[in-house]
Amino acid sequence: MRINTSRFGRIDIDAGDVIRFPSGLPGLEDCREWALLADSSNEALGWLQCTTRPEVAVAVVSPRRFVPDYQVRIPRSELTPLALSDIRQAQVVVVVGKTATGLTLNLKAPIVINLEARTGRQVVASGDLPMQYELSHGRPSLRKSA
Amino acid sequence: MLVLSRQRDESIMIGDTIVVTIVDIRGDKVRLGINAPSEIPVHRQEVYEAIQRENMRAARLEPGDTEAIGRFGNRSGRPDDSGKR
């Protein structure tokens, strides 16, 4: 399929590469079909492009690359709709945001993808995690030492 | 809004697939049990709304906004689909 995206111009995607999000994303509930693209200049970055709305895309990264001690605890009820029995079968990415101070990661609501089944869902992780974790040059740790 | 009174252990049915049960009442806090099909997400409203707002903000980013990400993080872990472009 061919999409005229607003950010990346015209792209071609195999129907088999499309990832189905049965519930869309909160705030983008009508976007049920997405493609995961690599950023052309930054290999740490991916873009989830909505295949039905060319202007809709979110930047995503693998969280542990930026937050090494990030461990996502997801209730089983959140994994079942993805036909996953174990979080380790999934690919987990987090959405990149931006505030006045800089780039942030949404660690509270990661996106879980079952690559084999081509399904995905944004889930709410347990625990006190930030929705806007600030990326900074300091040591990236979720726990502050006493 | 439909307002119903329920006591502990009583339930409410929403549609024909969702059941909400009062599990416990303690002071001003109510514990609710929710039985729903797995494809229907269930969330505390304020958390869901916060995620909505954050997603809508994130959806405004352009590649130019994310250039700085190269300055952070370590060397491993491509987020994309097993090396495909």
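## Size and shape

The radius of gyration used here is taken over C-alpha atoms, and the globule rule is 2.2 Å times the number of residues to the power 0.38. This is a predicted model, so let's see how chain A does against that rule. For 146 residues, a compact globule would come out near 15 Å, and chain A has 15 Å, which agrees.

## Strands and helices

Chain A has eleven strands and two helices. Walk along the sequence and you get β-β-β-β-β-β-α-α-β-β-β-β-β.

Now for contacts in chain A with a separation of 6 or more: 49% of them join residues 24 or more positions apart.

## What's inside

Of the 146 residues in chain A, 42% are buried. The largest nonpolar core has 49 residues, and those with the most contacts inside it include A:W34, A:V58, A:V94, A:V96 and A:L105.

Take A:V96 as an example. Leaving out residues up to four places away in sequence, A:V96 touches A:A59, A:V60, A:V61, A:L103 and A:L105, plus B:A58, B:L61, B:T66 and B:I69 from chain B.

Chain A has a mean pLDDT of 89, with 93% of its residues at 70 or more. Within chain A, confidence is highest in strand 6, at 97, and lowest in helix 2 (residues 76-79), at a mean of 80.

Key:
Residues are numbered from 1 along each chain as its sequence is written. Chains are lettered from A and ligands numbered from 1 in the order in which they are written. This is a predicted model: local features need pLDDT of at least 70, side-chain atom pairs count only at pLDDT 80 or more; totals for chains, interfaces and linings use all residues. Helices (H or I, at least four residues) and strands (E, at least two) are DSSP runs, numbered from the N terminus. A residue is buried if 20 or more other C-beta atoms lie within 10 Å of its own, exposed if 12 or fewer, and partly exposed in between; C-beta atoms are placed from the backbone. Two residues are in contact if their C-beta atoms, placed from the backbone, lie within 7 Å. A nonpolar core is a set of buried Ala, Val, Leu, Ile, Met, Phe, Trp, Tyr and Cys residues joined through C-beta atoms within 7 Å. pLDDT is the predictor's confidence in each residue, from 0 to 100.
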